[in-house]
Amino acid sequence: MPRLARLFIKTGLIYFLVSLLLGLAAEFKWLTFPGITPLFWHLLMVGWITQIIFGVSMWMFPGRTREEGFWPQKWGWLTYIMLNVGLICRVIAEPASYASSAGLWNILIVISAVGQVAAAVTYTIELWPRIQSKEQRRRQRKKKRQKSNN
Amino acid sequence: MPTPSRWMIKASFIYLLVGFFIGALILVSKAYPAFTGIWSLLAVHIEVSIFGWIIQLTMGTAYWILPRYLVKPSRGNPILAIAMVALLNLGILINVASYLDLIAPSATIVGRLFEIGSVILFIGLHWNRAITYNK
């Protein structure tokens, strides 16, 4: 399994546990805090489910590059970085923004929003061209071979 | 990858972009309450992100990746597969149109029925594909 897929899956597992702990905390009045319910749902649906879909699809869908490293897999790495920067900013800033009106929290919330949308864009850039029929893949491989022969 | 899977997976990417974009606007509105009008799109955000993105991608991938039949058509009746794709997406779009007040609120009943129809077709197409050919 490529390093990036392992990272997506392991990070997703951590969010899975954290989201369920938040869900549990939300059941106790003395443990709950403002914004806990949207945090619970987003860590579960984005941090866990979307993250694991991203990781597994980048690994399992046809056409991935076998070369490890940031540049050969730049869209995948950018997806990982932006998704997780977005999620972490949200975890910090959303509850904090209820407690204090400091401008920093608003900036972090905007970074979180932009980061997550950017991750969706880079993921689509990586995966869209890889969704092909067998015939399309065969033609693409043939073209690549011809290019490398010339 | 078979055609219905390609349609479902590519459609799910479009829903991912739309769902995350609406989600981002809602999140920003928490910091800047002047944009709170965007909260009216919460139901669209949930429908598009869960049914359009997560469920549709899962269904499209399962149709592609589960073990195939040893006889043709190897993934079952392709017309039923196309109907599965059409019903799911029609259901989502009807629900979204209803949440946006473009059509009657009760249209969500039709939308959900279409989605249920798609899931019934999905189960029918995949039930016997959850199989091993090893003895």
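Trainee: Which exposed residues does the face of helix 4 of chain B turned away from its buried side carry?

Mentor: Ile120(B) and Ile123(B). Helices are DSSP runs of H or I, at least four residues, and strands are runs of E, at least two; both are numbered from the N terminus. This is a predicted model, so local features need pLDDT of at least 70 and side-chain atom pairs count only at pLDDT 80 or more, while totals for chains, interfaces and linings use all residues. Residues are numbered from 1 along each chain as its sequence is written, and chains are lettered from A and ligands numbered from 1 in the order in which they are written.

Trainee: Which residues of helix 4 of chain B are buried?

Mentor: First the general idea. An α-helix has 3.6 residues a turn, so residues three or four places apart point the same way. Here the buried residues are Gly111(B), Phe114(B), Glu115(B), Ser118(B), Leu121(B), Phe122(B) and Leu125(B).

Trainee: What is Leu125(B) in contact with, leaving aside its neighbours within four places in sequence?

Mentor: Contact means C-beta atoms, placed from the backbone, within 7 Å. Leu125(B) is in contact with Tyr63(B), Gly76(B), Leu80(B), Ala81(B) and Met84(B).

Trainee: How many residues does the largest nonpolar core have?

Mentor: In soluble globular proteins, nonpolar side chains tend to be buried together. A nonpolar core is a set of buried Ala, Val, Leu, Ile, Met, Phe, Trp, Tyr and Cys residues joined through C-beta atoms within 7 Å. The largest one here has 60 residues. Leu125(B) and Met84(B) are among those with the most contacts inside it. Helix 4 (107–126) of chain B is one of the helices that each supply at least two residues of this core.

Trainee: How many residues does each chain give to the contact between A and B?

Mentor: Chain B gives 18 residues and chain A gives 20. Helix 1 of chain B supplies the largest share of the chain B side, 14 residues.

Trainee: How many helices and strands are there in chain B?

Mentor: Four helices and zero strands. Of the 135 residues in chain B, 38% are buried.

Technical notes. Contact = placed C-beta atoms within 7 Å. Buried ≥ 20, exposed ≤ 12 C-beta atoms within 10 Å, placed from the backbone.
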